[in-house]
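Hi,

Here is the structure I promised to pass on.

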Amino acid sequence: MAYINSFTYCEDIQQEIANNKVVPKIVNPLTELQTLFIPTHYSFAISCGITGVNIDNDKFIRIVFMSPKGEIVNDTGKIDLSNFPRNNKETTGNLKFNLIMKNVTLRETGIYETKIELNDQELQSFKIEVKKAEEK
């Protein structure tokens with residue numbers, strides 16, 4: 001059965017080359033989203049890893065970012081997993097992805113939530129608080 005083994009909200013994800021491989025670098029992990037203005041548009045990123053994905057049975061993944069009122073703020077829609085490359089003949093493997101969220105509309109402060117779904121079933125959700133930053 002698939003489960004999420006890592007999840008991080010961060011400012012950005014950059015690609016670096018290490019040992020002749022492209023490696024993602026998480027920039028400034030976030031525990032909250034602070035902004036001077038509400039409502040606003042805010043950019044951030046999500047890095048996620050899922051273990052136990054069955055390549056033959058798991059057909060799609062969906063990531064939904066929701067407001068404190070439960071309204072959908074950003075929705076990837078169903079992402080087809082059949083196009084992902086296979087490294088070997090095993091049917092169960094790991095899926096790692098990074099999602100850049102550009103100019104997401106934040107209409108209010110409060111607890112927002114990211115839900116990760118696999119084949120229409122929620123694997124897990126992750127909350128983050130949106131706060132109005134104090135002016136200096």
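This is a predicted model: local features need pLDDT of at least 70, side-chain atom pairs count only at pLDDT 80 or more; totals for chains, interfaces and linings use all residues.

**What I found**

Ser6 stands opposite Gly49 in β4.

The protein chain has ten strands and zero helices, so read from the N terminus on, its elements simply go β-β-β-β-β-β-β-β-β-β. Along the principal axes, the C-alpha atoms fill a box of roughly 55 × 35 × 20 Å. The chain has 136 residues, and 35% of them count as buried.

Back to the strands. β1 (residues 3–18) and β4 (residues 40–54) run antiparallel and are joined by seven bridges. Both belong to an open sheet of four strands, ordered β2-β1-β4-β8 with antiparallel pairing. β2 (21–29) and β8 (92–106) stand at the edges with a single partner strand each, so one side of each has no neighbour in the sheet. On average, neighbouring strands here are turned by 50° against each other, direction ignored.

Gln14 also sits in strand β1. With a relative accessible area of 37%, Gln14 is partly exposed. Between Gln14 and Phe37 there are 23 residues of separation along the chain, and their C-alpha atoms are 27 Å apart.

Then there is strand β3 (residues 32–35). In a regular strand, side chains alternate between the two faces of the sheet. In β3, Leu33 and Thr35 make up the covered face, while Glu32 and Gln34 are on the uncovered one. β3 pairs with β10 in the parallel sense, over four bridges, and Leu33 stands opposite Val130 in β10.

Now the aromatics, which I'd look at next. How many aromatic pairs does the structure hold? There are six. In one of them, the ring centres of Tyr42 and Phe44 are 6.2 Å apart and the planes meet at 45°, so this pair counts as tilted. Tyr42 counts as buried because its relative accessibility of 16% falls under the 20% cut-off. Phe44 is buried too, with a relative accessible area of 1%.

Phe65 and Tyr112 form a stacked pair, with 5.5 Å from centre to centre and 15° between the planes. This pair links distant parts of the chain: Phe65 lies in strand β5 (residues 60–66) and Tyr112 in strand β9 (residues 110–118), 47 residues apart. Phe65 and Tyr112 are both buried.

Last, a pocket. Rolling a probe the size of a water molecule over the atoms shows where empty space is left. The second largest pocket has a volume of about 150 Å³. Which residues line the second largest pocket? They are Met1, Ala2, Asp58, Leu118, Asn119, Gln121, Glu122 and Leu123. By class, that lining has four nonpolar, two polar and two charged residues. Strand β10 (residues 121–132) gives the largest share of the lining, with three residues. This is the β10 that pairs with β3.

That's everything from my side. Over to you!

Key:
Residues are numbered from 1 along each chain as its sequence is written. Side-chain values use heavy atoms; hydrogens and water are left out. On a 1 Å grid over the protein atoms alone, a cavity is a set of points where a 1.4 Å probe fits but cannot get out, and a pocket is an open set with protein on both sides within 12 Å along at least five of seven lines; lining residues have an atom within 4 Å of a point. Grid points are joined across faces, edges and corners, and a volume is the space filled by probe spheres set on the points. Helices (H or I, at least four residues) and strands (E, at least two) are DSSP runs, numbered from the N terminus. Ala, Val, Leu, Ile, Met, Phe, Trp, Tyr, Cys and Pro count as nonpolar, Asp, Glu, Lys and Arg as charged, and the others, Gly among them, as polar. Rings of Phe, Tyr and Trp (its six-membered ring) pair if their centres lie within 6.5 Å; planes under 30 degrees apart count as stacked, over 60 as edge-to-face and the rest as tilted. Buried means under 20% relative accessible area, exposed over 50%, partly exposed in between (1.4 Å probe, protein chains only). Two strands pair if DSSP finds at least two bridges between them. Axes are lines fitted to C-alpha atoms, for helices over the stretch in contact, and angles run from 0 to 180 degrees between N-to-C directions.
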